[in-house]
Amino acid sequence: MSTLQASDPFRTLPARPWPTFARILRRAGAGGAGLLLPVLLLVVWQVAVERHWVSAQILPPPSRVLETFGELWASGDLWFQLSISLQRVLVGSAIGGALGLLLGLAMGLSRRVEAYLLPLFQAISQVPVLGWIPLLMMLVGIDETLKYLVIAKAVLVPLTINTFSGIRNIPPSYLEVARVYRFGLLLRLRRVILPAALPSIFTGVRFALTKGWIALVTVELLASSEGIGYLMVDGRQMFQLDLVIVAMLVIGLVGLVLDQGLALIETRLRRWQRQAF
Amino acid sequence: MSEATRKRPDLRGWVVPAALLALWWLATAQEWVDTRLVASPAAVLEAAWQAAVSGELWRGLAASLGRNLSGFALGSLAGLAFGGLLGLSRLAERLVGPTFHALKQIALFAWIPLLSAWFGFGEPAKVAFIALAVFYPVALNSFEGIRSTRRELLEVARVLGLTPTQRLLRLVLPSAAPAIFTGLHLGLIYAWLATLGAEYFFSAAPGIGNTMIDGREHFEMDQVIYGLLVVGAVGLVLNRLAAWIEARALAWRDGGR
């Protein structure tokens, strides 16, 4: 019963609580087990390269990756490239975010605006950012403008959708109360619509920034001479895969921090909302 | 807030696109912009027509779709197997889950330089990249679908004395089916995106993404725009197709209610 149970779907469910001591053991084991594979992989990887089973050029050993990371960090190069990338994301997201918020608000508040703009919006969002890049390159060149536009487009779509649906999903009774109190548009916006739609909008912000970060990496891979994406291209061209892997790790880490940080704020917001109503 | 009458087909959605199209046409016809750089709508149609007649469009499309589907097949099979394993086995989840979730954080396109170092710039690298793009959503959704099997149903299965195989086929898979299909649907969307990306980043070979990159390099905007339209259209068709298959495959669920 004990070992076979591991592959049993019954076990996956919180059906029968474990005895406490066993549960504690399991939980400790769960954390350890999760680390087991990565550690094992790293060790095998390191040994495999040291024993020349695979060439260090194809798969630089973890120690080298760590070393490269240390060097890049110490020289300030990593931070320099990252700050350029982050600045691009910031500007692009500000543009796309402001536009998305406005568009979502306008379509959410007015059925007429929705009727005019939603189909076009859907058609544009249908084509992934990647599809727009060649055309944008021809129209605006490959300078900063291109990066800002690509990130802005990636950010705009989820933010518009979430703002729009956030407003549309406000319970009608809230709006009725506002009507009874004869709230004007501004008051309605400030007191009813924005607070009620805020959680959905914020989810949009979180999605949007994650998308913006991914879009940045894409556009930097395609056309850039600085930034974290360029670091990868550079590393690849010189066949320094340790550099490539460092950049991958940083990209993953920044994505994670963005997502988790915003998720944290989101929970705070939701708590506030529960208290507010 | 005016409530529109929803009886007649709503044509208002066409107003802005039509106006933009007219503006584009005017701008090129009146030469407000340099027509050597900015293609006119007529030039785009002409380019698309030429490509369709000469067969270039179909060759590119066939190459892209072939790549797309082989990557999708590989990635979704691997994703189903992996997600299924993680869903059915706690041990596997504890061992591999954290690694999987950590690797998931790395943006898809960030894999390209590494993949190109391992697989070269040819067709294998493209298919591997597409497969990777499909793998994540399929694995994640299969895993979550299987995990969400309802406890009461599993208890019924236990009472009925179903064997593990029966339980898997009769209970776990059907109840995970909606999530699995969602994963496959997402996978199909990602696959198309990845196909485009693969054609941009890896070496030149026939394909619709390549048509666009080519057009950009030779400053032929007509080619870029018709490529863009084809990419959008294919994405739309794939999306619709997936939704249709999904509805078909899950039709039994509504019948039972």
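**Chain B, order of elements**

I read chain B along its sequence and wrote down the pattern α-α-α-α-α-α-α-α-α-α-α. I counted 11 helices and zero strands in chain B. Helices (H or I, at least four residues) and strands (E, at least two) are DSSP runs, numbered from the N terminus. I note that this is a predicted model: local features need pLDDT of at least 70, side-chain atom pairs count only at pLDDT 80 or more, and totals for chains, interfaces and linings use all residues. Residues are numbered from 1 along each chain as its sequence is written, while chains are lettered from A and ligands numbered from 1 in the order in which they are written.

**Chain B, spread**

I looked up the radius of gyration of chain B, which is 23 Å. The globule rule gives 18 Å for 257 residues, so chain B is more spread out than a compact globule. The radius is taken over C-alpha atoms, and the rule is 2.2 Å times the number of residues to the power 0.38. I also noted the box that the C-alpha atoms of chain B fill: roughly 80 × 60 × 35 Å along the principal axes.

**Chain B, UniProt spans**

For "transmembrane region", I found residues 69-88, 100-121, 127-147, 168-193 and 224-243 of chain B in an unreviewed UniProt entry. UniProt positions are given in the numbering used here, feature names are shortened, and annotations may be inferred rather than shown by experiment. I checked two of these spans. Residues 69-88 of chain B are 100% helix and 0% strand, with end C-alpha atoms 27 Å apart. Residues 127-147 of chain B are also 100% helix and 0% strand, and their end C-alpha atoms lie 30 Å apart.

**Chain B, α8 and α9**

I looked at how α8(B) and α9(B) cross. Their axes come within 8 Å, at roughly 45°. Axes are lines fitted to C-alpha atoms, for helices over the stretch in contact, and angles run from 0 to 180 degrees between N-to-C directions. That makes α8(B) oblique to α9(B). Angles under 35 degrees count as roughly parallel, over 145 as roughly antiparallel, 65 to 115 as roughly perpendicular and the rest as oblique. I listed B:Thr195, B:Leu196, B:Glu199 and B:Tyr200 on α8(B), meeting B:Gly209, B:Asn210 and B:Ile213 on α9(B). Residues are in contact if their C-beta atoms, placed from the backbone, lie within 7 Å.

**Chain A, α5 and α6**

I turned to α5 (residues 129-140) and α6 (residues 144-168) of chain A, which pack at about 150° with axes 10 Å apart. The two helices are therefore roughly antiparallel to each other. I found A:Trp132 and A:Leu136 among the contact residues of α5(A), and A:Leu149 and A:Val150 among those of α6(A). The contact residues divide into 10 nonpolar, one polar and one charged. Ala, Val, Leu, Ile, Met, Phe, Trp, Tyr, Cys and Pro count as nonpolar, Asp, Glu, Lys and Arg as charged, and the others, Gly among them, as polar.

**Chain A, UniProt spans**

I found "domain: ABC transmembrane type-1" listed by UniProt (unreviewed entry) at residues 82-262 of chain A. That span is 88% helix and 0% strand, and its end C-alpha atoms are 19 Å apart. UniProt's "transmembrane region" spans in chain A (unreviewed entry) include 89-109 and 243-265. Residues 89-109 of chain A are 100% helix, with end C-alpha atoms 29 Å apart. Residues 243-265 of chain A are 100% helix too, with 33 Å between the end C-alpha atoms.

**Where A meets B**

I noted 55 residues from chain B and 52 residues from chain A in the contact. On the side of chain B, the elements that give two or more residues include α1 (15-29), α8 (164-201) and α10 (221-249). That side of chain B has 35 nonpolar, 12 polar and eight charged residues.

Key. Contact = placed C-beta atoms within 7 Å.
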